[in-house]
Amino acid sequence: MTLQDLLGNFSLILFILTVATGIVWVLDVFYLSKKRRAHADAVLAEFDARNAKLAGDGVKPDNNGRAALQASLMRQPTWIEYSGSFFPVIALVFGLRSFLYEPFKIPSTSMVPTLQVGDLILVNKYTYGIRLPIINKKVIEVNDPQRGDVMVFKYPENMTLDYIKRVVGVPGDTVTYRNKRLTVNGAQVSYKALPDYLDEETLSYSKLLSENLNGVAHQILNNPRAPSYVSNPHDFPNRDLCTYDAEGFTCKVPAGQYFMMGDNRDNSLDSRYWGFVPDRNIVGKAFFVWLNLNNFPNNLGRIGSFQ
């Protein structure tokens, strides 16, 4: 992992900041604050003794400065004050992102029309099991991904990248995609034709279809000008479980892994090309669009849950 990769890993940065500020906070609570208190008590004792001597000599002591002196002696150094202030905030954000919900931004068109470029989405981090942050090791089983789920995962060929696709095959499934129609375990997925989809950037039309996968109805795009075959699939692990021909492919999903495809079927680099997604790569289930600043506020209607 390069320095650039480390700097791009926001979860790792948050973890380091949480640990660093937490150490300072604990050190201050259990040691440095007590040391400041002991020093302050000693100085204030000298201050009180000096005033008592002055009073005994008939000189009126100045007691107004005692509170200011105490405040000065007990004041935290700047580096401790800032660390202590930031620690609970950073720890809260780290906990929320690691175990509950994490925000992501959609960078590409591979999930159009379900998700648009610039969509800011929320991902449920616990529905597929509780995982330790950074190392992503599952420690508590909850649910398994189901066909039709939109899932965020670590790209198998570069674990520093987060990808988002739809689950079309779970462990043990036989997935066939032939002539741009999906079949799972010998049962063809049902489709319903919808009015053509216009890409406003390229001013080109694609076939818009409603696909019902495992009871999850969602929309997909097919480009009639694109070929049905998979061009240059990678040499990925368990590549021998897939067969490719001029009309598409068939893959047998191995245990503990998943087959992913983008909803923009002819514009998605997915499991057809780079293979299966191991369970250890799972980040969470995407479920909610909370903002898209592109063409804001005209696209406020995009805000909400999706399938």
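Three strands form an open sheet in the order S10-S11-S12, with antiparallel pairing; two strands count as paired if DSSP finds at least two bridges between them. Strands are DSSP runs of E with at least two residues, and helices are runs of H or I with at least four, both numbered from the N terminus. The edges are held by strand S10 (190-199) and strand S12 (216-222). Each has a single partner strand, so one side of each is left without a neighbour in the sheet. From one strand to the next, the twist averages 25 degrees. Axes for such angles are lines fitted to C-alpha atoms, for helices over the stretch in contact, and angles run from 0 to 180 degrees between N-to-C directions. Strand S11 (residues 204-213) is joined to S12 by 7 bridges, and the two run antiparallel. Asparagine 212 stands opposite alanine 217 in S12.

The model is predicted: local features need pLDDT of at least 70, side-chain atom pairs count only at pLDDT 80 or more, and totals for chains, interfaces and linings use all residues. Residues are numbered from 1 along each chain as its sequence is written, and side-chain values use heavy atoms, with hydrogens and water left out.

Another open sheet contains 5 strands in the order S9-S8-S7-S14-S13, again with antiparallel pairing. Strand S9 (187-188) and strand S13 (242-245) are its edge strands, and each pairs on one side only. Strand S7 (residues 174-178) pairs with strand S14 (residues 248-252) in the antiparallel sense over 5 bridges. Here valine 175 stands opposite cysteine 251 in S14.

Threonine 183 lies in strand S8 (residues 181-184). Its relative accessible area is 19%, so threonine 183 is buried (under 20%; exposed is over 50%, partly exposed in between; 1.4 Å probe, protein chains only). Beyond its neighbours within four places in sequence, threonine 183 contacts Thr174, Val175, Thr176, Gln188 and Val189 (heavy atoms within 4.5 Å).

The chain as a whole has 5 helices and 18 strands. Its radius of gyration is 29 Å, whereas a compact globule of 307 residues would have one near 19 Å (taken over C-alpha atoms; the globule rule is 2.2 Å times the number of residues to the power 0.38). The C-alpha trace spans about 105 × 45 × 35 Å along its principal axes. Of the 307 residues, 39% count as buried. Among contacts with a separation of 6 or more, 59% come from residues 24 or more positions apart.
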